[in-house]
Amino acid sequence: MTDKTGPDKTGKVYLIGAGPGDPGLLTIKAKECIETADVVVYDYLASPFLLNYAKKDAQIIYVGKKGGDHTLSQDKINLLLVDKAKLGLDIARLKGGDPFVFGRGGEEAQMLLSQGVPYEVIPGVTSAIAAPAYAGIPVTHRDHTSFVSFITGHEDPTKKDTSMQWDVFAKSNATLVFLMGVKNLENIVKNLVKYGKPLNTPVALVRWGTTARQQTVTGTLETIVERIKQAKLKSPAIIIIGHVVSLREELAWFDKRPLFGKKIVITRARAQASELVSILSKLGAHCIEIPTIQIAPPQDIGPLKESIKNINYYDWLIFTSVNGVKFFFDTLFDMGKDVRALGHLKFACIGPVTCERLKNFGIISDILPETYRAESVIEAFSTIEIKDKKVLLPRAKKARTILPEELIKMGAHLDEIIAYETLLNAQGKEELISLLENDEIDVVTFTSSSTVSNFMSQLESKDTKKLLKNVVTASIGPITSDTARSLDIKPDIEAKEYTIQGLVDSLLTYYESK
């Protein structure tokens with residue numbers, strides 16, 4: 001970013017194309033600018049996910065405009081950018097699509113230039129190309145047309161001083177792409193037909209293109225207005241008119257993914273949800289993150305520190321989750337120690353993910369049970385001389401008792417230490433209830449017993465049977481399922497392999513059988 005050497009140094013504004021909606025379509029340069037910006041100013045159509053790239057102390061300002069509802073007018077947005085830059089701050093100005101394709105980026109650049117504010121333009125993927133592509137419609141194809149026209153659909157086609165060249169559009173063989181034109185669809189169709197465009201010309205409208213909410217409606221100039229009314233399709237959407245639309249039947253790919261459009265609630269702690277969200281999103285799901293739990297260090301870290309201080313006393317170290325691994329090693333490192341302090345120990349883990357997390361620290365588990373339950377660890381230890389061995393078990397404050405009980409029965413000297421706590425997270429309670437009441441959830445996933453119990457605690461004053469009547473519930477394994485059943489939820493899906501991938505595989509199997 002800019003080199004601000006003094007208090008009077010003017011910051012720089014980066015006019016960034018945030019892409020059409022899929023955060024994966026953001027350019028590398030745009031991401032780098034967001035990561036170092038002092039201020040992030042973003043629009044309605046810029047994916048909120050991109051704000052995750054902003055640094056912790058960055059100021060985040062929403063200036064979205066939709067359907068006449070303007071948070072700030074364009075003039076005030078221009079002044080905001082100038083004022084922040086004059087304070088010596090660097091600004092990442094996120095605009096949906098590309099800033100210079102009907103994005104008013106040119107106006108913002110002119111204002112900045114007139115005020116002596118340095119700026120840079122970072123192009124983005126425009127929805128004019130991306131939305132048709134995700135709908136299986138190439139805007140050019142040598143068998144159909146070799147050129148394309150991008151047209152604003154926002155202008156009232158009936159006004160007398162219109163700049164719209166309807167006679168040219170109607171007679172052209174180009175693919176016509178109208179942006180922001182849903183409200184004017186009927187007038188657009190009337191004008192094209194009036195000037196000679198054949199009624200059988202294929203038309204498609206793509207709403208929320210490139211996102212899991214993408215909706216595509218096709219027809220012809222003769223039928224499209226009625227089909228859009230029947231589908232109740234609204235903004236934001238683009239209109240594609242031309243023979244290339246007929247290729248959708250053959251080339252559609254995005255909305256053919258196995259979980260396309262399924263609205264799936266992720267109840268896992270936000271810090272750990274990324275893997276599940278990533279996998280489900282690639283399969284087409286619309287993931288709604290409503291974490292019902294948060295993972296935190298224990299209120300009293302003393303016992304964990306004491307056990308690490310006396311780590312030479314122990315023979316075995318057992319981890320039952322990735323959280324146990326994380327908080328144990330975080331504390332180890334905070335105490336100025338490293339993995340060399342653990343060289344004398346043997347290790348056991350529950351589950352391959354926990355084992356992989358341990359392996360990240362250069363340690364291979366001596367025991368990895370065949371299944372991912374405490375009972376399997378007990379079975380594995382049955383072939384090992386554990387009597388009189390000193391075992392350290394750092395794990396959650398609330399956990400099943402079977403593992404420590406059985407190890408003690410085998411003669412082990414066990415120290416069970418609280419490494420972390422699972423706390424209730426009720427921040428998404430209102431959103432969750434609203435989505436359930438409006439029948440806007442297809443699946444709720446549960447990745448632990450605590451996610452189930454905390455989920456149900458948020459619905460305790462509601463008729464849960466009614467709210468969950470049309471919702472598929474998916475459990476990561478039998479322990480989580482038992483907790484669900486104890487709370488009057490009968491899981492529709494239970495993973496055969498008690499991992500995130502196992503949960504996803506079971507979801508796929510469930511919907512393939514439908």
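These legends walk through several close-up views of a single predicted chain.

The model is predicted, and local features are described where pLDDT is at least 70, side-chain atom pairs where it is 80 or more, while totals for chains, interfaces and linings use all residues. Residues are numbered from 1 along each chain as its sequence is written, and side-chain values use heavy atoms, with hydrogens and water left out.

**View 1. The whole chain, before zooming in.** The C-alpha trace spans about 90 × 65 × 50 Å along its principal axes. Its secondary structure comes to 19 helices and 22 strands; both are DSSP runs numbered from the N terminus, with helices being H or I over at least four residues and strands being E over at least two. Of the 514 residues, 50% are buried, where buried means under 20% relative accessible area, exposed means over 50% and partly exposed is in between (1.4 Å probe, protein chains only). Take the contacts (heavy atoms within 4.5 Å) between residues at least 6 apart in sequence: 68% of them join residues at least 24 apart.

View 2. Strands count as paired if DSSP finds at least two bridges between them. In general, such pairing works through backbone hydrogen bonds, either parallel or antiparallel.

**View 3. Strand 20 and its partners.** Now zoom in on strand 20, residues 443-446. Strand 13 runs parallel to strand 20 and is joined to it by 3 bridges, while strand 20 and strand 21 pair over 4 bridges, again in the parallel sense. Val 443 stands opposite Ile 264 and has Val 472 in strand 21 as a bridge partner.

**View 4. The largest nonpolar core.** A nonpolar core is a set of buried Ala, Val, Leu, Ile, Met, Phe, Trp, Tyr and Cys residues joined through side-chain atoms within 4.5 Å. The largest one has 24 residues, and Leu 259, Ile 264, Ile 266, Leu 280 and Leu 507 touch the most other members. Strand 13 (263-266), helix 9 (274-282), strand 21 (472-475) and helix 19 (500-512) each supply at least two residues, with helix 19 giving the most, 7 residues. Leaving aside residues up to four places away in sequence, Leu 280 touches Leu 259, Ile 264, Ile 266, Ala 285, Cys 287, Val 504 and Leu 507. Apart from this core lies another, of 23 residues, including Ile 308, Tyr 314, Phe 328 and Leu 392.

View 5. Ser 235 and Pro 236 are joined by a cis peptide bond, with omega about 0°; Pro 236 is in the loop between helix 7 (224-231) and strand 12 (237-241). Arg 104 isn't a glycine, yet its phi is positive, near 60°. Look for Arg 104 in the loop between strand 6 (91-95) and helix 3 (105-114). Met 180 also has a positive phi, about 60°, without being a glycine, and is found in the loop between strand 9 (175-179) and helix 6 (185-194). With 42% relative accessibility, Met 180 counts as partly exposed.
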